[in-house]
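Here is a short briefing on one protein chain. Look at the structure, then follow the points below.

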Amino acid sequence: MSPAPSAAPAATFIPDTASTRQYIGAWSVLSVLQYFAAEAAVVMAWAGPRPYDLRTGYISDLGALNCGIYDGRQVCSPLNWLMNASFVVQGLGMLLGAVLLTSGLLCVAARSGARVEPVRRRPWFAAAAVRVLTAAAGAGTVVVGLVPEDAGSGWHFVGAVTYFLTGAAALLVLGVLWLRKARMAWFLLACGAVSLAALATGGLTGMDIPEPGTLERLMGYPVTVGMATAGIVIARRVHRHRKSLRASSIAP
């Protein structure tokens, strides 16, 4: 009697961690750091009756189109176009990264030669969720830039909340996915947790606190820094793999 046939080995997939697509995607996400340079320049150009205070001033005040009283605050930002352009560029970078960075690459944290088992659907779903959430966050901040706070539309608020909420969620999912695969996983988790905690605090208090600017930055800064960190991890690993492939191709 012949023995029962053994189960076929599970198929595995090795993501291409050296492609130009992945490299561009990583640098697209990393480009969100331009936001901090733009914000610093716009703050220095502030022309309100009082100097802009990061602790009490809302981020969106820097993109307000008009000088005057808005929601009880004196706002006047001559470089509002720069702040709004920065929001749009930041969002487009995240959108491009969500499109170009593949789920397979995210599953292995861009480790060259690492295998993914398609039969294990949980990592694939998590990676796909990261891409969707990152794209939503990018779209949210694009809306923030295209519809300034004093444009008379509620879409600005919707875009801001979308950025904070989905950006933080993307970092939490990515942090869990990258545990044991990248040392920065815990930092991504911390960034997502801080942002969500600040967003919940803002919702519960209605931002009626002594330093609303600080609280809003605790919502937004961790998302920007966390996304940039993920971009750095991917860019470094992809660059290292590409460099090793070039070296091996020219070796005698």
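Beyond its neighbours within four places in sequence, Ala-135 is in contact with Leu-95 and Ala-98. Ala-135 sits in helix H5, which covers residues 121-146. Keep in mind that this model is predicted.

**Ala-135 and Tyr-58**
- In sequence, Ala-135 and Tyr-58 are 77 residues apart.
- In space, 24 Å separates Ala-135 from Tyr-58, C-alpha to C-alpha.
- Tyr-58 is among the residues nearest the centre of the largest pocket.

**The largest pocket**
- The largest pocket holds about 500 Å³ of space.
- Its lining has 20 residues.
- Phe-157, Ala-160, Met-207 and Glu-216 join Tyr-58 nearest the centre of this pocket.
- Three helices each supply at least two lining residues: H6 (155-177), H7 (185-205) and H8 (212-250).
- Helix H6 gives the most to the lining, with 5 residues.
- By class, the lining has 9 nonpolar, 7 polar and 4 charged residues.

**The whole chain**
- The chain contains 8 helices and 2 strands.
- Read from the N terminus, the order of elements is α-α-β-β-α-α-α-α-α-α.
- Along the principal axes, the C-alpha atoms fill a box of roughly 90 × 50 × 30 Å.
- Of the 252 residues in the chain, 47% are buried.
- Take the contacts with a separation of 6 or more: residues 24 or more positions apart account for 74% of them.
- The chain exposes about 12800 Å², and carbon and sulfur atoms supply 67% of that area.

Methods:
Residues are numbered from 1 along each chain as its sequence is written. This is a predicted model: local features need pLDDT of at least 70, side-chain atom pairs count only at pLDDT 80 or more; totals for chains, interfaces and linings use all residues. Side-chain values use heavy atoms; hydrogens and water are left out. Helices (H or I, at least four residues) and strands (E, at least two) are DSSP runs, numbered from the N terminus. Contact means heavy atoms within 4.5 Å. On a 1 Å grid over the protein atoms alone, a cavity is a set of points where a 1.4 Å probe fits but cannot get out, and a pocket is an open set with protein on both sides within 12 Å along at least five of seven lines; lining residues have an atom within 4 Å of a point. Grid points are joined across faces, edges and corners, and a volume is the space filled by probe spheres set on the points. Ala, Val, Leu, Ile, Met, Phe, Trp, Tyr, Cys and Pro count as nonpolar, Asp, Glu, Lys and Arg as charged, and the others, Gly among them, as polar. Buried means under 20% relative accessible area, exposed over 50%, partly exposed in between (1.4 Å probe, protein chains only). Accessible areas come from the Shrake-Rupley method with a 1.4 Å probe; for residues, only the protein chains shown count as cover.
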